[in-house]
Amino acid sequence: MFKAIFNFKEYNFRHYRISVLLATFLLSFIGLTVIEVVQNPKDRLYERQILGLAIGIMVALVVSLVDYHFICKFFVVFYIINMGLLIYTKLAGKAYHDAKRWLELPGIGQFMPSELTKVFLILFIAAMFARFQKKTEKFYFLVIMCILVAPPLYLILDQPDLSTTIALLVMFAGMVFLSGLTYKIIIPVLVVAIPACFGLWWYIQQDFQVLLEQYQQNRILALKYPDLYPDLMYQQDNAAIAIHAGGLTGKMLTDSTGETWKCKGLAAIESDFIYTAFAEAYGFIGCCVIIALLSYFIFRTFQTARHARDYLGMLVAGGIGTLVGAQTIIHICVNTSLFPNTGIPLPYASQGLSSLFGNYLMVGLLLNVGLQQKEKEKAEEDIVSR
């Protein structure tokens, strides 16, 4: 049992990517410096985030030593647990601002199950594709996968949490592509999907559309016609002012108390709009550092996927990279008014213990995939060492 969990014979600790852990830690640390300034002291978000970061790093280190093959054996269990948590959230979850996304856990506090969904779905999709690898080129298998992924996505969309749903859809599409789906399926799907996306974009702007809630449609229309919806653009308009106020180097060195920070009046500044806080605190240079750290992490995920020992490891690492990339793009584009206002945390930097826990779980999985190489590469290293 111990060998199944900690498969040290297959690990090459020369490939233990400390730099990946360091990059995520730096993101979290920079986030902490901003959270301390913008938080309401009564909420003690800064102190809780420090505790969450410590737990997250410990979780990443432990999970990095657990063989991902052993973890993925429980993919069905993860799917059932995930569905149970999401259904329970729908029935008995706590609601804030008309969004029912949280569970109250005794002795722990509020927890957002959708953050675990991100990890569980990556493991489930990767394990399903690996178990039925010979059938992945069949169109009916893709239909089955869509049917299985749809229920958790619907439950998250119904909370409502449109941004997380979109990020998970992008992650699923990325993993389908990485699975080696034949172009005989990809090309017809793209031929249908691309026009359908343009049609969908037109449809959701119409008065008779039924896919989005009214406030979600209004946010889209507000981005397109800002003069007609000044109240709905308040958050993003003020985010733009705060970003501009940061200039080249930001205000952290000249006003570490945040007394003159324009971003402090924004809602969810410590989570969904933390990129705006970074921009005002550290300026354009600081934003470049944040983007560089996230880009490095995403690059490492796909590099790990490329050199993974097997198909399963490739999909796990690729799924992590696609999800983190999607979240990063959505978060930054919302903060800079390129996308309609929809809340999603910036990976590793935003305040939120659920998000932090899920993100560091992914770091642990990624590090473990990196410890195990393709057999050919491993053999070549053995020859060189002799």
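This is a predicted model: local features need pLDDT of at least 70, side-chain atom pairs count only at pLDDT 80 or more; totals for chains, interfaces and linings use all residues.

Visitor: How many residues apart are K118 and E115 in helix 6?

Guide: K118 and E115 are 3 residues apart in helix 6, which covers residues 113-131, so about one helical turn separates them. Residues are numbered from 1 along each chain as its sequence is written, and side-chain values use heavy atoms, with hydrogens and water left out. Helices (H or I, at least four residues) and strands (E, at least two) are DSSP runs, numbered from the N terminus.

The side chains of K118 and E115 meet in a salt bridge, with 3.0 Å from N to O. The term salt bridge denotes a side-chain nitrogen of Lys or Arg within 4 Å of a carboxyl oxygen of Asp or Glu. Both K118 and E115 are buried. Here, buried means under 20% relative accessible area, exposed means over 50%, and partly exposed lies in between, with a 1.4 Å probe and protein chains only.

The structure contains 4 salt bridges, and two others may be set beside this pair. One of them joins the side chains of K251 and E280, at 2.9 Å from N to O. K251 belongs to the loop between helix 11 (234-246) and helix 12 (274-306), whereas E280 belongs to helix 12, so this pair ties together parts that are 29 residues apart in sequence. K251 is buried at 13% relative accessible area, and E280 is buried at 0%.

Another salt bridge brings together D158 and K90, at 2.4 Å from N to O. D158 is in the loop between helix 7 (139-157) and helix 8 (162-178) and K90 is in helix 5, so the pair links distant parts of the chain, 68 residues apart. D158 is partly exposed, at 33% relative accessibility. K90 is likewise classed as partly exposed, at 41%.

Helix 5 (residues 75-92) lies across strand 1 and strand 2 and runs at about 105° to strand 2; axes are lines fitted to C-alpha atoms, for helices over the stretch in contact, and angles run from 0 to 180 degrees between N-to-C directions. The sheet is open and has 3 strands in the order 1-2-3, with antiparallel pairing; two strands pair if DSSP finds at least two bridges between them. Strand 1 (94-96) and strand 3 (109-111) are at the edges with a single partner strand each, so one side of each has no neighbour in the sheet. From one strand to the next, the twist averages 45°.

Strand 1 pairs with strand 2 (residues 99-105) in the antiparallel sense over 3 bridges. Within this pairing, K94 has W102 of strand 2 as its bridge partner, and A95 has K100. The two strands form a hairpin with 2 residues between them, and H97 in the turn has a positive phi of about 55°. Strand 2 and strand 3 are also paired in the antiparallel sense over 3 bridges, and L105 stands opposite G109 of strand 3.

I125 is among the residues with the most contacts inside the largest nonpolar core, which has 106 residues; F297, V316 and I320 are the others named. Such a core is a set of buried Ala, Val, Leu, Ile, Met, Phe, Trp, Tyr and Cys residues joined through side-chain atoms within 4.5 Å. Leaving out residues up to four places away in sequence, I125 touches M145, V149, M171, F172 and M175, where contact means heavy atoms within 4.5 Å.
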